[in-house]
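Subject: Structure for you to look at

Hello,

I am passing a structure on to you. Please open it first, then read my notes below.

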Amino acid sequence: MDADDSRAPKGSLRKFLEHLSGAGKAIGVLTSGGDAQGMNAAVRAVVRMGIYVGAKVYFIYEGYQGMVDGGSNIAEADWESVSSILQVGGTIIGSARCQAFRTREGRLKAACNLLQRGITNLCVIGGDGSLTGANLFRKEWSGLLEELARNGQIDKEAVQKYAYLNVVGMVGSIDNDFCGTDMTIGTDSALHRIIEVVDAIMTTAQSHQRTFVLEVMGRHCGYLALVSALACGADWVFLPESPPEEGWEEQMCVKLSENRARKKRLNIIIVAEGAIDTQNKPITSEKIKELVVTQLGYDTRVTILGHVQRGGTPSAFDRILASRMGVEAVIALLEATPDTPACVVSLNGNHAVRLPLMECVQMTQDVQKAMDERRFQDAVRLRGRSFAGNLNTYKRLAIKLPDDQIPKTNCNVAVINVGAPAAGMNAAVRSAVRVGIADGHRMLAIYDGFDGFAKGQIKEIGWTDVGGWTGQGGSILGTKRVLPGKYLEEIATQMRTHSINALLIIGGFEAYKSACDMAEARGRHQELCIPLCVVPATISNNVPGTEISLGSDTGLNAVVETCDRIKQSASGTKRRVFIIETMGGYCGYLANMGGLAAGADAAYIFEEPFDIRDLQSNVEHLTEKMKTTIQRGLVLRNESCSENYTTDFIYQLYSEEGKGVFDCRKNVLGHMQQGGAPSPFDRNFGTKISARAMEWITVKLKEARGRGKKFTTDDSVCVLGISKRNVIFQPVAELKKQTDFEHRIPKEQWWLKLRPLMKILAKYKASYDVSDSGQLEHVQPWSV
């Protein structure tokens, strides 16, 4: 399996290597501008992928300053020089702001230093300033070479041999302020730091009935402020792109006092450091504090998070994002021609794309221009679909209209949690309840899954009942694995009794199977002829119809954090290999992606059968590795990957075969993967996807209003999920064909395409399909 892939189709392997030969090429990698967690993962991926395809890879230390200074600042990297850096925050090759590179004289020195080592491919990890500098350097390259030749520093032959410079950028910035990409490297980790602080502050604020004003980074971009406000249910948020309306001071004080009147013991206000009013005047955290104290008399504290947000270990999301981007960057460099414009590798939805660097930079600058000119709606639009969606969702969930201003639909919409608990379920329930109430529905909560449904454990749930739910793990409504099959009669009776007009099911494979069963039973029970929507929520990420399930990010972070700790536990001891068992049923998502994010040597999964020869070659591979400076190995195993090759068997095999070279330890992670507070991603994702589900339900109910319409068509029972770049509703009737019901997994899973990445980065030969790569796309503000 993880060995030479000797049984992979030779044609595809040869095609891959021929297509991407880096022989004779030299790649320079640098990090520039402000540091961001995940930069090291990107550096590691560039170095290892570059070496894998036969290129030489050079570290350029201290960003552009190192390029200008040359000497020992440009050093060849080898495989081991990026070992054990995945979990390290910041950047191991250093970053610096460089004035010299802004001058032509400085760039001339930089070009000379690169040519001494034959470097004509640059991979730049930084923000828009760093990437703009790289593009200017590329444009000037031929002129710089001619000048160096005139000065006698290089010969004519070198001018021809190194005629053009290829540049590929990756955006490393915690602010997520670069147009063209959904997430920049470091943003998710920065949100982790913010939410850790918010969760801690909420407990102390509650004890003293305090108001806290939290200032987060974002001089020109409010992404961190907006998403953290969405993820913690903040009372108010201040952003540079969307200043509050005139008279906001009074509105905010009314909102805070209303929340206190509803028995809320604390207020959280989040401020981006670049927050402004409609006249472009700064709104500072101190100004907000003074306002709350003088107008309301509340005990108010200010917390400025500052550089804490840049620090700490990168999240699982950032490690995977940076690893994917790093590999994509090397492929882009090797495929580049003299006519290829400088590009940036980026993430659109769940899909890696290449975009022209200067188009992205131009749009990023257009946002600032729109803010300077007070065209704030344009600024939000240019930030992209994701930003605008977050802002609209926040407004809908934070501010409740008075009851007499909400037109009633006389529809009852019920929410239920099904299957094992998953982090983010409570955020999804809160969002559904509030959007439903705002749409004029009466919202009903069903407790303890279908078991509770059959027993009539159904209560109306109000706006304030779900306050403070976003940050809570598990399932407050209670959840069980019971399917509706044997209770259909009782459930139909309860639906009739409570006049339920639509049902939102939040859960894992059981939720999907329940929707299938209820759709099939419509002929027997007309009460089931209502809109049914499934929001996938499971750490296993095994629900058909979506690439990402709610809770899987939190589960993945639990796996990765534990792997980091386990590896660290062996530091200073002799060479050691850890065998770690993950959850997931038959779905290998946690094992595979955990392996990619934690830097595992192998990950055994059900989807890719393996035998004793694969195990043997993995042991031999690790034994060879351990003879170098590498001291620790990590092997992940999905709990159901093989009936006979159990965790104990693999542990004993590795222990026996590794005798004299390394010793072994095993660890079964178990239910700690399901517990804990939801990650920022899951809080945000649960909030947004559930709001989207309620919008769908509202549209369906509107269609039927006054006509007594029964919903019998396939498109009224759907799974809401992410597919490549879009959030889509797919009827369960269509998804059945794509489902392996015996093993409770989809027949096709996108993440298997990333499996070769883990192998390549662990020094195995693997066949990697690059057919998705290649085409430069253009930036569309609403497809960002």
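Here is what I found, starting with confidence and then moving through the parts.

Confidence first. This is a predicted model. The mean pLDDT of the protein is 90. 95% of its residues reach 70 or more. Residues 1-15 are another matter: their pLDDT is below 50. In the model, that stretch has 33 contacts beyond near neighbours in sequence. Where pLDDT is low, the predicted coordinates should not be read in detail.

Next, the nonpolar cores. The largest has 152 residues. Met170, Ile270 and Leu504 have the most contacts inside it. Helix α11, residues 316-335, supplies the largest share of this core, with 13 residues.

Take a closer look at Leu504. Setting aside residues up to four places away in sequence, Leu504 touches Ala414, Val415, Ile416, Ala432, Cys533 and Val535, among others. Ser690, Ala693, Met694 and Ile697 are also on its list.

Now strand β6, residues 211-216. How many of its 6 residues are buried? The count is 6 of the 6, so β6 is largely enclosed by the rest of the structure. In a regular strand the side chains alternate between the two faces of the sheet. In β6, Thr211, Val213 and Glu215 point one way. Phe212, Leu214 and Val216 point the other way. Glu215 is buried along with the rest of them.

Which strands pair with β6? One is β8, residues 267-272, which runs parallel to β6 over 6 bridges. There, Val216 stands opposite Ala272. The other is β9, residues 300-304, also parallel and joined to β6 by 5 bridges. Thr211 has Thr300 of β9 as its bridge partner.

Helix α5 comes next. It covers residues 128-150, 23 residues in total. From first C-alpha to last it reaches 33 Å, close to the 33 Å expected at 1.5 Å a residue. Still, α5 bends by about 55° at Trp141. Trp141 is also one of the buried residues of α5. Others on that list include Leu131, Phe137, Glu140, Leu144 and Leu148. Gly152 follows α5 and has a positive phi, near 80°.

A few single residues are worth a stop.

- Thr187 is in helix α7, residues 187-208. Its relative accessibility is 0%, so Thr187 counts as buried. Its contacts include Ser173, Asp175, Asn176, Tyr223 and Asp318.
- Asn176 is in the loop between β5 and α7. Its phi is positive, about 55°, although Asn176 is not a glycine. At 7% relative accessibility, Asn176 is buried.
- Arg374 also has a positive phi, near 60°, and is a residue other than glycine. It lies in the loop between α12 and α13. Is Arg374 buried or partly exposed? With a relative accessible area of 43%, Arg374 is partly exposed.
- Glu245 is in the loop between β7 and α9. Its relative accessible area is 58%, so Glu245 is exposed. The C-alpha atoms of Glu245 and Thr278 are separated by 6.9 Å, and the two residues are 33 residues apart along the chain.

Then turn to the bend in α5 at Trp141.

Best wishes

Key
Residues are numbered from 1 along each chain as its sequence is written. Side-chain values use heavy atoms; hydrogens and water are left out. A nonpolar core is a set of buried Ala, Val, Leu, Ile, Met, Phe, Trp, Tyr and Cys residues joined through side-chain atoms within 4.5 Å. Buried means under 20% relative accessible area, exposed over 50%, partly exposed in between (1.4 Å probe, protein chains only). Helices (H or I, at least four residues) and strands (E, at least two) are DSSP runs, numbered from the N terminus. Contact means heavy atoms within 4.5 Å. Two strands pair if DSSP finds at least two bridges between them. The expected span of a helix is 1.5 Å times one less than its number of residues. The bend at a residue is the angle between axes fitted to the seven residues ending there and the seven starting there. pLDDT is the predictor's confidence in each residue, from 0 to 100.
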